[in-house]
Amino acid sequence: MDLVWSNMPFLLKGAYYTLLITIVSMFFGSIIAVFVAIARLKGNWLIRWIARAYVSIIRGTPTLVQIIIVYYGLVDYGLKLEPLMAAYIALSISIGAYLSETLRGAIQAIPKGQYEAAYASGMTPFQTMTRIILPQAIRIAIPPAGNTFIGMLKETSLVSVITVTELLRQAQLLIAQYYVYMPFYLAIAVMYWIMSTVFAILLERLEKRLSKYE
Amino acid sequence: MIKIKQLTKHFGKQEVLKGINLQIQAGEVVAILGPSGSGKSTLLRCLNGLEQMTYGGIEISGVKVDANQKQREINKKFRNIRLHTGMVFQQFNLYPHKTAIQNVIEALLIVKKISKEQALLKGEKLLARVGLLDKKDEYPSRLSGGQQQRVAIARALAMEPDILFFDEPTSALDPELVDEVLMVIKELAKEGMTMVIVTHEMEFARDVADRIIFMADGSIIEESVPEEFFVKPKTERAKKFLKIL
């Protein structure tokens, strides 16, 4: 246990990267999700088809394989990414697919009358989407998206395989140094749990604030 | 002000509007009556392009649209028409994530792009006009159906339309809330607003309308002033309709 405490700064640095990767991927994943969801609903056949293929491929393959392809696979084409950059890209693309499905469902849940009211008042389809439909859809999507985010926090442990020094990787490095397993693994498990719980509480608050009009 | 020529509308193979011809003058209040399924709501929704006509054409506030124009052209024309018309829906369709006043001023801000101060001033005036200034910061979910519909009327008025369309504005309301909405519409009629109202409220139609359009099976089958329509309707269909009600 003393070993854990004395190496806490090292582990905290790992936790910092875990959080950083989660937040950055969530951010870019959300942007991807908005475009993909709208593409699937409003695009012409080609755009719809591309968006569908993207979602199908990402959801049908393991995140670990996606990470490895981005980091090790792209090297074959002369694209050598920094581990952290590869983690951002792979996880953003991955979470974007899941979130786009959530958002698509939420957009479809908005009654037709909302579009009609907006159109009737002279708004363009773009204004209707950005001002009327998306703000409502995002509120609907937040609870399920929150679960995806918490899942994401845990999935960041996968990028330890491409040498990103996130929480799991840091623990493994310490284990290699001290040959003690359980205390470090338990310590990071507790740290993951604390981070997930804090996320969950923050999400709950956000949900409450956004649902004030209900 | 409104000219409708040979307006025809199909849903799939079914012809729901069969060559409608109609003209409406500025300042006129026209009530469209008829059994459900007669095409009256569809006709109204064709006028601002919420439904796409199959054949024929319309002209509203000087903007002419014809069903055989290119889709892009038609869309552009209807966006123009929508700047001259307002619509009030059966289900109100207020934006649930915006307060009463935000509902009223939304299009002012993003379509007309006037300043927020000006928009708020105007929004407050309009809410006062429908008797809801004290509810301006409430979300729609906190308002009764009648109040929501009055906010929806204020929202439609905000764009200073030449014409207001009402699509069964009281059909979704509890009976005791109907009058407050009808009062507002009557007030607008007195002020000379041009209105086309699809309704099931016979007494109200008789009271407020300058002209009654009676539709059945996708056609206008009777057109007359209220006193005539309600006292001695010409067609069997209208007689039956009035008796049933």
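Chain A has 9 helices and 0 strands; helices here are DSSP runs of H or I with at least four residues, strands are runs of E with at least two, and both are numbered from the N terminus. Read along the sequence, the pattern is α-α-α-α-α-α-α-α-α.

Some housekeeping. This is a predicted model, where local features need pLDDT of at least 70, side-chain atom pairs count only at pLDDT 80 or more, and totals for chains, interfaces and linings use all residues. Residues are numbered from 1 along each chain as its sequence is written, chains are lettered from A and ligands numbered from 1 in the order in which they are written, and side-chain values use heavy atoms, with hydrogens and water left out.

Back to chain A. Its C-alpha trace spans about 70 × 45 × 20 Å along the principal axes. The chain has 214 residues, and 45% of them count as buried. Buried means under 20% relative accessible area, exposed means over 50%, and partly exposed is in between, with a 1.4 Å probe and protein chains only. A contact means heavy atoms within 4.5 Å. Among the contacts in chain A with a separation of 6 or more, 75% are between residues 24 or more positions apart.

Now a pair of helices. Two packed helices are described by the angle between their axes and the distance between the axes. In chain A, the axes of α3 (residues 45–59) and α5 come within 9 Å and cross at roughly 115°. Axes are lines fitted to C-alpha atoms, for helices over the stretch in contact, and angles run from 0 to 180 degrees between N-to-C directions. Helix α3(A) passes α5(A) in a left-handed crossing, that is, the near helix is turned anticlockwise from the far one by less than a right angle; clockwise would be right-handed. On the α3(A) side, the contact is made by A:Tyr54, A:Val55, A:Ile58 and A:Arg59. The α5(A) side includes A:Ile93, A:Ser94 and A:Ala97.

Take A:Ser94, in helix α5 (residues 83–108). Is A:Ser94 buried or exposed? Its relative accessible area is 4%, so A:Ser94 is buried. Leaving aside neighbours within four places in sequence, A:Ser94 touches A:Ile58, A:Thr63 and A:Gln66. With A:Gln66 there is also a side-chain polar contact of 3.5 Å. A polar contact is a pair of N or O atoms within 3.5 Å; within protein, one must be able to donate a hydrogen and the other to accept it, and residues adjacent in sequence count only if both atoms are side-chain atoms.

Next, the two chains together. In contact are 24 residues of chain B and 22 residues of chain A. They bury about 2,000 Å² between them, with carbon and sulfur atoms giving 59%. Buried area is the accessible area (1.4 Å probe) that two parts lose on being put together, summed over both.

B:Ala107 lies in helix α3 of chain B and is buried because its relative accessible area is 8%. Beyond four places in sequence, B:Ala107 contacts A:Ser121, A:Met123, B:Lys112 and B:Met159. B:Lys113 sits in the loop between α3 (100–110) and α4 (116–129) of chain B. At 60% relative accessibility, B:Lys113 counts as exposed.
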